[in-house]
Amino acid sequence: MARTLLLRNTLRLVTMDADRREIEGGWVLVRDRQIAAIGTPADPLPPADEVMDMTGHVVMPGMVNTHHHMYQTLTRVIPAAQDASLFGWLQALYPIWAGLTPEMIRVSACTAMTELLWSGCTTSSDHLYLFPNGARLDDEIEAAQLMGMRFHAARGAMSVGESQGGLPPDRVVEDEDAILADTQRVIETYHDPAPLAMQRIAVAPCSPFSVSRDLMRNAASLARATGTMLHTHLAENASDIAYSREKFNMTPAEYAEDTGWIGADVWHAHCVQLDSAGIARFGATHTGMAHCPCSNMRLGSGIAPVRKMVAAGMRVGLGVDGSASNDGSHMLGEARQAMLLGRLLETPDNQPMMRAREVLELATRGGAAVLGRDDIGYLAPGMAADIVAFDLRGIDHAGAQSDPVAALVFCTPRRVACSIVNGRVLIREGQFTGHDPVALARRHNELARELLEKV
């Protein structure tokens with residue numbers, strides 16, 4: 001018999017549906033994995049096996065993280081990389097990451113997912129492109145299954161090392177035939193194209209400066225033959241642009257098109273330095289982009305013109321990026337930074353500055369579209385039961401009750417009081433129901449010390 005759960009008495013129910021309805025005092029009924037009904041205070045409350053009182057809580061769709069490197073939680077605030085821009089930052093960290101082990105991949109993924117879930121994220125992608133010492137993509141997929149998070153695992157790769165003119169050390173690159181074979185393996189083993197899938201795979205060579213043109217083209221062919229999506233880094237900073245022009249005599253957008261990396265089945269991370277022609281071409285083909293404002297500021301990369309991209313037709317979502325270039329995995333915090341950073345761009349007189357609801361839409365519906373999902377990102381009957389609730393009765397939101405939805409973004413970002421993924425309550429009254437974050441952090445710190453001691 002189907003299990004039902006009713007969330008009632010919300011301060012505000014933010015649906016993000018086609019009409020962007022916000023229902024004061026609204027309720028939502030979950031049946032097994034899906035949303036069964038949504039109602040107003042005037043509608044009769046349906047019976048349910050469990051009822052949760054959401055008095056004082058803003059309830060909304062779980063947020064969708066479109067770009068991350070979860071293993072980087074092991075190398076936050078490394079002194080040698082604290083003040084470097086992208087290429088110098090990578091060169092400082094590659095030798096450390098060469099020491100990663102399978103357990104480090106699993107534990108760091110659990111740590112990142114703990115942070116994400118606490119921050120209101122219920123679906124995350126992750127771009128893992130280093131596989132030293134027997135590590136496999138399977139290691140973080142196991143972590144996602146343990147944590148109960150909806151997960152898009154991007155099988156990354158690097159194949160062009162320093163000896164061939166690439167950026168990464170030779171010891172962390174792979175043979176291209178082996179990359180394609182293992183990518184095929186993980187797709188066949190783990191990819192679930194069905195609606196409400198908890199697990200999907202993306203094909204994800206790391207970047208134009210760490211793989212060959214042949215691998216980019218062959219990866220695109222593999223993804224399209226298997227019905228999977230494509231993901232990489234692109235146009236992240238000025239050095240990225242210079243490399244593309246010197247190496248390929250093309251802009252990053254031209255190179256992406258030349259190798260088959262445009263279309264509704266593609267999303268690129270960053271695109272900070274994408275030129276107007278590139279934005280127009282990506283928009284015309286509905287190519288996606290993961291906007292990572294914290295990382296872009298941390299590395300001094302620049303400001304992505306998000307509104308221009310959306311207006312052109314690009315699909316845009318938010319990404320926290322790796323925790324060695326953001327040093328945190330807080331989706332609501334990322335939304336806040338997206339709003340604030342967007343306000344630094346010149347705004348025409350007849351348009352408002354970047355708005356709170358605008359970035360919340362990027363974090364929910366936008367992220368779902370970027371990952372090619374039509375079953376997450378908003379609340380409506382038949383959608384996945386991925387729901388989060390923020391308690392606004394505390395001191396951080398005192399005086400902000402005139403607009404509790406905007407308060408989520410304008411005020412200090414909070415942890416969720418409740419998180420439901422696939423109909424399962426993972427966080428209740430601010431506490432995880434299935435694991436101990438304190439014990440997890442203890443083991444994570446032991447492994448982080450071990451990783452640094454190897455260098």
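The lining of the largest cavity comprises 8 nonpolar, 7 polar and 2 charged residues. Here Ala, Val, Leu, Ile, Met, Phe, Trp, Tyr, Cys and Pro count as nonpolar, Asp, Glu, Lys and Arg as charged, and the others, Gly among them, as polar. The model is predicted: local features need pLDDT of at least 70, side-chain atom pairs count only at pLDDT 80 or more, and totals for chains, interfaces and linings use all residues. Residues are numbered from 1 along each chain as its sequence is written, and side-chain values use heavy atoms, with hydrogens and water left out.

The structure contains 2 cavities of 30 Å³ or more. A cavity is a set of points, on a 1 Å grid over the protein atoms alone, where a 1.4 Å probe fits but cannot get out; lining residues have an atom within 4 Å of a point. A volume is the space filled by probe spheres set on the points, which are joined across faces, edges and corners.

The volume of the largest cavity is about 130 Å³. It has 17 lining residues, of which Leu86, Leu90, Tyr129, His233 and Glu236 are the closest to its centre. The second largest cavity has a volume of about 50 Å³. Its lining has 9 nonpolar, 2 polar and no charged residues.

Pro208 is in contact (heavy atoms within 4.5 Å) with His233, Leu234, Tyr243, Phe248 and Tyr255, leaving aside neighbours within four places in sequence. Pro208 is buried, at 4% relative accessible area. Buried means under 20% (1.4 Å probe, protein chains only).

Conventions: Buried < 20%, exposed > 50% of the residue type's maximum accessible area, 1.4 Å probe, protein only. 1 Å grid on protein atoms, 1.4 Å probe; cavity = no way out; pocket = protein on both sides within 12 Å on 5 of 7 lines; lining within 4 Å.
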